[in-house]
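Here is a structure to walk through step by step. Keep the sequence and the model open as you read.

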There are 2 protein chains.
Amino acid sequence: MTTEQQSNGAERLCETLIVQGVDVCFANPGTSEMHFVAALDRRPDMRCVLGLSEGVVTGAADGYGRMADKPAATLLHLGPGLANGLANLHNAKRARTPVINVVGDHATYHLKFDAPLASDIDGLARPMSDWVGRATHPDKLPSEAADAWEAAVSMPGVATLILPADIAWNKAQGGSIKPRQRAALPPVEMAKIKAAAADLRQPGRTVLLLGGRALRAGTLQRIAAICAKTGAEFMAETFNARIERGQGRVPVRKLPYYVDPALARLRGVERIILVDARPPVAFFAYPDKPSLMNEEGSRITTLVGHHEDLADAIERLADEVGAAETAPLPGGGVKEPPAFDPGPLTADTACAIVAASLPDGAIVTDESVSSGRMFFEASYNAPAHDYMQLTGGSIGIGLPLATGAAVACPDRRVVCLQADGSAMYTVQALWTQARERLDVTTVILSNRRYAILENEMANVGVQDYGANARRMLTFDDPALDWISLARGHGVEAARAQTGAELADLLRSSFRRRGPFLVEAVI
Amino acid sequence: MTTEQQSNGAERLCETLIVQGVDVCFANPGTSEMHFVAALDRRPDMRCVLGLSEGVVTGAADGYGRMADKPAATLLHLGPGLANGLANLHNAKRARTPVINVVGDHATYHLKFDAPLASDIDGLARPMSDWVGRATHPDKLPSEAADAWEAAVSMPGVATLILPADIAWNKAQGGSIKPRQRAALPPVEMAKIKAAAADLRQPGRTVLLLGGRALRAGTLQRIAAICAKTGAEFMAETFNARIERGQGRVPVRKLPYYVDPALARLRGVERIILVDARPPVAFFAYPDKPSLMNEEGSRITTLVGHHEDLADAIERLADEVGAAETAPLPGGGVKEPPAFDPGPLTADTACAIVAASLPDGAIVTDESVSSGRMFFEASYNAPAHDYMQLTGGSIGIGLPLATGAAVACPDRRVVCLQADGSAMYTVQALWTQARERLDVTTVILSNRRYAILENEMANVGVQDYGANARRMLTFDDPALDWISLARGHGVEAARAQTGAELADLLRSSFRRRGPFLVEAVI
């Protein structure tokens with residue numbers, strides 16, 4: 001044990017994180033981070049979780065942050081280690097999840113020699129971070145790490161702190177570290193509240209488009225009351241970090257993914273009011289289709305941005321329009337789970353069965369891509385659950401997201417509804433689930449193809465394609481054997497060919513502790 | 001089939017690549033690249049190879065480029081797809097491997113809407129590319145793609161061409177595309193040749209430090225003759241893209257990885273002459289150790305850089321010093337393979353057995369990290385083979401590198417000597433080996449830990465560490481089951497516990513076609 005006088009930069013950083021309440025570190029360290037590893041090792045109150053590839057590390061930090069509403073740290077090895085984690089940081093940034101990346105770098109004096117692992121870490125970090133900083137002196141680390149924390153929780157978003165090896169290993173002055181307080185979110189100006197209220201009272205259709213923290217149960221209920229009072233509509237963005245839904249909660253629809261149904265959904269809507277949401281933009285551009293999904297001539301205004309006090313703004317808007325305290329739950333009461341076909345599985349029946357099987361308080365991570373279309377509809381009246389999506393379109397988040405959510409919420413069952421193609425990018429997350437004995441049930445929707453891309457080929461007018469396209473859009477030769485893949489990572493698994501088998505496997509997995517994988521062959 | 005008048009940008013790009021001799025495309029496409037996929041589909045003379053994650057794609061392009069001495073194309077999906085491939089592009093850039101990345105982007109007019117998958121692709125590409133360009137018009141694509149090709153082959157290095165979706169789908173003017181010629185490499189100035197010759201004639205020790213193309217068999221033999229004539233020494237850099245070695249070739253030593261042995265190797269050396277090599281820099285900085293490995297007061301000069309005509313420079317230097325046409329091969333003749341211990345495996349015996357078993361003309365990819373130290377020594381007199389290393393320190397290259405080498409050289413056996421920890425970053429490469437029926441034998445040196453980091457913990461003075469460090473440095477709980485992992489990806493596999501088992505499995509894998517994996521439990 002190092003005495004306080006002998007602390008080094010790495011120890012000061014570790015202490016600062018803990019003081020700020022950051023007590024989980026998803027890690028994939030390398031040589032340049034050994035002093036930080038040694039510092040973490042001296043703090044058993046920091047939970048260190050190893051990922052065997054960095055996409056697992058950053059995706060798990062995203063899942064953790066979405067559920068814990070506070071950041072985890074990540075530990076990444078230089079530019080390439082960060083690079084491997086960027087795709088899921090992109091998702092975290094789009095989800096506005098608080099994350100603090102600690103990225104090791106060469107010692108400051110070693111950089112000029114351009115050693116083989118040297119690269120422009122700042123340049124790599126910037127596109128997928130909301131804040132990038134560099135530790136400059138061991139004595140300054142408590143303040144620099146608190147800056148990273150503040151950026152992560154206040155944006156909220158991805159903060160990346162680059163830690164040169166000598167700043168980590170050099171001695172630092174001791175002294176206790178005082179926690180920095182979280183600044184209050186600024187309130188929305190009254191003029192905006194009044195303008196929104198005026199819009200809501202106007203004749204013609206107005207939609208409140210909801211994202212971010214607008215989709216928590218309490219806020220949703222106030223928004224539903226506002227709409228009940230004013231006749232306005234509300235819907236969620238297409239991809240959302242976390243929706244609190246299910247029995248006892250206000251059901252919310254999402255704007256469709258594909259351009260034509262999205263245009264149809266917003267046809268005739270005169271005003272769109274953004275509530276922690278972004279304008280309705282097509283995920284991709286297509287020849288001769290618009291980029292914006294709102295009708296021409298309609299108006300988009302922002303009520304509240306992601307860095308403003310949303311709950312307060314909604315409360316004031318409710319007061320302004322004279323909304324009741326609570327809104328009735330549309331559809332009302334608890335329904336029986338829908339009947340499902342016990343016969344051969346399809347994507348739709350698999351989704352219906354998962355929806356009908358959800359245990360109370362489940363956390364659902366949905367990276368089902370094209371196969372999971374039915375799940376959201378089928379599960380609106382399932383027991384109360386949290387529902388998390390791929391927010392940035394960078395596939396390979398599902399398994400890590402489930403992993404991080406399970407670390408954040410050890411008493412809840414995580415159900416990972418996962419397409420096979422996207423699962424493969426970060427399949428190593430299964431090992432972390434096994435290592436940490438996490439209660440994650442993964443359902444692989446196994447169709448052995450990038451079905452969404454097959455749709456897109458049809459969209460670009462190619463119906464009968466040849467060997468090259470087939471070789472880029474399918475992976476049925478050889479078929480991935482998900483039972484072996486899971487077992488290889490230390491996770492028990494079984495295959496379901498029928499609805500009855502899937503329902504049985506889900507039930508039994510929910511009764512036991514630890515991870516389990518079901519390959520649903522569709 | 002599209003007629004020439006109706007070509008779009010994607011088809012012009014595809015045609016240009018083929019005209020320049022680029023006929024392999026390692027791909028992991030997405031929606032924004034569908035027009036390019038459709039264009040590739042119309043050209044069966046382009047071989048499209050799918051990777052299930054982008055680290056596989058870029059690492060395979062590196063392996064292909066090292067063996068084929070010409071670039072493959074990659075196809076990557078927007079910023080996150082590129083990001084996933086950056087770590088292995090870092091290795092390719094350090095290896096000076098020619099690679100042409102085609103990275104899709106949103107349609108130009110869609111970018112301003114900041115759709116969920118939008119990111120700063122140029123910013124992401126720059127740190128790991130030698131050249132970054134953006135396609136600006138379908139009519140200009142033949143010229144812009146030829147610029148990318150020229151950059152890739154002349155640097156040589158990593159060229160990244162960003163392809164907005166509308167530039168791909170918009171119509172282009174037709175007309176035949178003339179191949180651009182490869183510019184001759186500039187010759188080294190005569191003054192440098194004469195200065196090197198003068199250095200070689202001086203008393204005291206001079207070392208020719210060799211990298212890049214200096215390590216091809218013909219050039220190595222001329223360098224050996226120069227040294228035989230002048231009494232100079234030669235050695236290779238620590239990490240090399242490709243060394244032609246084995247029976248009938250000049251053996252070359254490498255500068256050691258660790259600081260102390262590297263310092264010892266260069267102690268007393270007065271002059272270091274760089275031949276397509278970089279100054280001898282420590283891989284990492286350590287407290288109280290130097291960054292440069294050459295003795296203080298010694299002199300480092302560059303004879304030939306990577307963009308100059310190396311073979312010509314060596315020929316002229318040989319003339320200048322009056323070296324003989326050929327040098328005798330040190331150690332001479334063919335030796336019997338060394339005897340090995342048939343008992344329980346260790347890292348060293350596993351390496352000795354692989355070395356003793358190599359078939360003639362093998363390609364060895366070595367990402368054995370700490371477990372493979374003995375292999376290089378043990379294999380200097382193996383049958384003639386190519387030897388490829390991790391050049392940029394970004395682990396997770398071995399399996400993809402082997403994959404790409406096997407695509408480039410379908411008549412040769414690729415032997416992938418692979419540490420278990422680093423294998424996990426890009427384990428999905430096994431599936432591509434199965435899909436393409438590649439003759440790759442992977443030997444996993446399975447020690448269930450990041451042994452190199454355990455060494456480094458000792459280096460930072462931590463001998464007895466606790467739970468957190470153990471959880472970040474080992475992955476024995478649960479142990480990865482490599483037989484299941486391989487089978488899950490469609491690759492046959494078996495486990496070797498003894499030297500006799502390993503030798504048997506290697507022999508039988510070399511007799512059959514297709515991939516095979518041996519887990520060598522050490």
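Two strands pair if DSSP finds at least two bridges between them. Helices (H or I, at least four residues) and strands (E, at least two) are DSSP runs, numbered from the N terminus. This is a predicted model, in which local features need pLDDT of at least 70, side-chain atom pairs count only at pLDDT 80 or more, and totals for chains, interfaces and linings use all residues; side-chain values use heavy atoms, with hydrogens and water left out. Residues are numbered from 1 along each chain as its sequence is written, while chains are lettered from A and ligands numbered from 1 in the order in which they are written.

Start with strand 6 of chain A, residues 158-164. Strand 5 (residues 131-134) of chain A runs parallel to strand 6 of chain A, and 4 bridges join the two. Within this pairing, Val132(A) has Thr160(A) as its bridge partner. Strand 4 (residues 99-105) of chain A is also parallel to strand 6 of chain A, joined to it by 7 bridges. Here Val102(A) stands opposite Leu161(A).

Is strand 6 of chain A mostly covered or mostly open? It is mostly covered, with 7 of its 7 residues buried. Buried means under 20% relative accessible area, exposed means over 50%, and partly exposed lies in between (1.4 Å probe, protein chains only). Val158(A), Thr160(A), Ile162(A) and Pro164(A) point one way from the strand. Ala159(A), Leu161(A) and Leu163(A) point the other way.

Now turn to an open sheet in chain A. Its 7 strands follow the order 9-13-12-14-15-17-16, with mixed pairing.

Strand 9 of chain A pairs with strand 13 (residues 385-389) of chain A in the antiparallel sense, over 3 bridges. Glu244(A) has Asp386(A) in strand 13 of chain A as its bridge partner. Helix 3 (residues 54-68) of chain A packs on the sheet and touches strand 12 (363-367) and strand 13 of chain A. Contact means heavy atoms within 4.5 Å. The direction of helix 3 makes about 140° with that of strand 13 of chain A. Axes are lines fitted to C-alpha atoms, for helices over the stretch in contact, and angles run from 0 to 180 degrees between N-to-C directions.

Next come the rings. Rings of Phe, Tyr and Trp (its six-membered ring) pair if their centres lie within 6.5 Å; planes under 30 degrees apart count as stacked, over 60 as edge-to-face and the rest as tilted. Over all chains, a search of the whole structure finds 18 aromatic pairs. Phe376(A) and Tyr387(A) have ring centres 5.0 Å apart and planes at 55°, so this pair is tilted. Phe376(A) lies in helix 13 (residues 375-378) of chain A and Tyr387(A) in strand 13 of chain A, so the pair ties together parts 11 residues apart in sequence. Both residues are buried.

In chain B, Phe26(B) and Tyr64(B) form an edge-to-face pair, 6.1 Å centre to centre with 70° between the planes. Phe26(B) and Tyr64(B) are buried. Back in chain A, ring pairs link Phe239(A), Tyr257(A), Tyr258(A), Phe283(A) and Phe284(A) into a cluster.

Finish where the chains meet. The buried residues of helix 17 (residues 451-459) of chain B include Ile452(B) and Leu453(B). The buried residues of this helix pack against helix 2 (34-41) of chain A together with helix 18 of chain B. Just after helix 17 of chain B, Gly461(B) takes a positive phi of about 95°. Asp481(B) lies in the loop between helix 18 (467-473) and helix 19 (482-488) of chain B. Asp481(B) is partly exposed, with a relative accessible area of 22%. Leaving out residues up to four places away in sequence, Asp481(B) touches Arg487(A), Gly488(A) and Arg495(B).
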